[in-house]
Amino acid sequence: MQSVDTGVTDLASATKKFFRRVLPIMLVMLVCNQLNRSNIGYAQGHLQADVGIGAAAYGFGAGLFFIAYAIFELPSNVMMEKYGAKVWLTRIMVSWGIVSFLMAFVQNETMFYVLRFLLGAAEAGFFPAVIFYFARWVPAGQRGKATAIFIAGSSVAAALSGPIAGLLLSLHDVLGLRGWQWLFGFEGALSVVVGITVFFFLDAKIQDAKWLTAAEKSALTSAIGQEDAQHTKADGGKVNRWKMLLNPQILLLCGIYFSVQLSIYANTFWLPSIVKQIPGTTDLGVGFLSSIPWVCAVFAMYFAAKWQDKAKSKRPLLVAALLVAAVGTFAAAIASPVFALVFLAIAAMGFKSASPLFWTIPQSALHPLVLAPAIAIINSLGNLGGFVAPFGFGIIKEQTGSVVPGLFALAAASTLAAGLVYFLKERKGPGAGVAAERRDEVETSRKAQTRLAAAGSK
């Protein structure tokens with residue numbers, strides 16, 4: 001009886017240590033990732049003036065990143081499984097930092113396209129590698145929380161990227177470099193330094209973690225092993241991972257995530273240009289004002305995470321988040337520039353909250369053997385929204401001089417995705433069963449001890 005209590009305590013202790021030690025490392029990596037993804041949004045006007053990259057070319061280059069990302073996502077994830085998260089995540093960070101640094105020396109559209117494609121190839125596999133890492137380290141009952149915190153980090157990074165970009169752009173002609181060159185050079189070099197540092201702090205396997213006690217390692221390994229065993233039993237013990245990837249549910253997940261990514265990257269790459277329409281704004285002002293929607297998104301994601309912990313089904317919350325995104329985007333399309341920023345902040349609260357809510361569904365519903373490749377497929381195909389959104393907005397702006405039609409399209413996509421959510425099948429995650437079983441064992445143990453104590457007092 002006492003060993004059950006001890007096992008639960010060790011599991012809780014190990015999980016808390018993961019949140020304190022490993023999750024912050026992942027968040028720092030995500031901040032670097034977001035900085036290097038979004039910096040061209042702030043450099044757009046300067047690239048057009050200094051290099052001659054117009055709106056359509058900018059949109060195509062911004063989106064080309066996601067074509068490479070989709071092509072190399074699954075192979076990268078397979079390599080991660082072969083070499084381990086520690087080595088592969090370090091490789092990803094260092095390579096994308098180098099490519100981002102080289103963006104400081106772009107001279108024409110062709111070079112811009114090549115570097116954006118290489119950046120997508122370098123970064124491919126980062127997000128699914130982190131999600132898979134969580135699945136191998138964090139019990140299912142806490143995995144949604146870990147994912148929500150991690151994804152919330154992208155909003156924090158997006159909020160930071162504006163002021164940081166504004167400050168770096170203001171270093172115009174310092175040491176003979178343009179402000180946009182400082183932007184790409186500094187943020188690329190930062191990723192390389194962080195990537196090398198991560199190698200010395202991240203552990204590939206639970207048994208490699210010197211910061212866990214032997215009992216904590218055993219409890220954590222046992223809990224995740226039981227979850228995998230229950231999942232395998234639920235699927236009859238026969239799993240064809242490639243056949244499961246053709247499951248209509250996975251394709252449905254790809255479609256919903258595609259819509260979420262449309263909104264995220266349309267705002268990532270075009271929000272600064274929308275903010276610039278507010279009279280009297282400077283580069284620094286655009287940077288700070290552009291951070292407002294992302295700051296609002298951080299708070300929204302915090303409350304969404306609290307609600308999702310209490311919810312039996314994530315689908316209603318996901319639908320609500322997508323509808324908030326749709327309403328906010330539609331209102332921004334018909335409002336003045338100042339009010340458009342307000343409504344885009346509301347939209348950001350919706351589509352950024354939708355992302356962590358979304359990822360709890362495949363994490364709990366997919367078999368462990370198919371989890372890594374399935375996440376890679378969902379992420380890579382869904383991320384094609386990152387190509388369609390900036391490229392589409394670029395063409396729309398070049399043809400009409402406005403991004404308003406693009407905002408209407410985003411609102412429609414979010415509404416459609418909200419409807420598709422109801423076709424998703426949720427099933428009780430294996431971790432919930434394990435957690436419930438452990439709670440029952442602990443409760444039985446406590447009741448038995450109470451009865452023994454009562455008998456002894458008599």
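Biologist: Which residues of α7 are buried?
Modeller: Helices are DSSP runs (H or I, at least four residues), as strands are (E, at least two), numbered from the N terminus. Buried means under 20% relative accessible area, exposed over 50%, and partly exposed in between (1.4 Å probe, protein chains only). In α7, the buried residues are Gly179, Trp180, Gln181, Leu183, Phe184, Gly185, Glu187, Gly188, Ser191, Val194, Gly195 and Val198.

Biologist: What kind of model is this?
Modeller: Residues are numbered from 1 along each chain as its sequence is written, and side-chain values use heavy atoms, with hydrogens and water left out. Local features need pLDDT of at least 70, side-chain atom pairs count only at pLDDT 80 or more, totals for chains, interfaces and linings use all residues, and the model is predicted.

Biologist: How far apart are the end C-alpha atoms of helix α7?
Modeller: The expected span is 1.5 Å times one less than the number of residues. With 21 residues (179-199), α7 should therefore span 30 Å, and this agrees with the distance between its end C-alpha atoms, 31 Å.

Biologist: How many helices does the protein chain have?
Modeller: Of the 458 residues in the chain, 54% are buried. There are zero strands, and the helices come to 18.

Biologist: Why does Ser161 count as buried?
Modeller: Ser161 sits in helix α6 (residues 140-169). Neighbours within four places in sequence aside, its contacts (heavy atoms within 4.5 Å) are Leu35, Ser38 and Tyr42. Ser161 counts as buried because its relative accessibility is 3%.

Biologist: And Ala300, is it buried or exposed?
Modeller: Ala300 belongs to helix α12 (residues 292-310), and beyond its neighbours within four places in sequence it contacts Met349 and Ser353. Ala348, 48 residues away in sequence, is 8.8 Å away in space, C-alpha to C-alpha. The relative accessibility of Ala300 is 13%, so it counts as buried.

Biologist: Which element gives the most residues to the lining of the largest cavity?
Modeller: On a 1 Å grid over the protein atoms alone, a cavity is a set of points where a 1.4 Å probe fits but cannot get out, while a pocket is an open set with protein on both sides within 12 Å along at least five of seven lines; lining residues have an atom within 4 Å of a point. The largest cavity holds about 260 Å³, counted as the space filled by probe spheres set on the points, which are joined across faces, edges and corners. Of its 23 lining residues, Arg37, Phe127, Ser154, Tyr257 and Tyr265 are the closest to the centre. With five residues, the element that gives the most is α10.

Biologist: Which residues are the closest to the centre of the second largest pocket?
Modeller: This pocket has about 360 Å³ of space. Its lining has 17 residues, and the closest to the centre are Phe132, Arg136, Trp137, Ala204 and Lys205.

Biologist: Which elements each supply at least two residues of that pocket's lining?
Modeller: The lining of the second largest pocket has nine nonpolar residues (Ala, Val, Leu, Ile, Met, Phe, Trp, Tyr, Cys and Pro), four charged (Asp, Glu, Lys and Arg) and four polar (the others, Gly among them). Each supplying at least two of its residues are α2 (55-83), α5 (126-137) and α8 (214-234).
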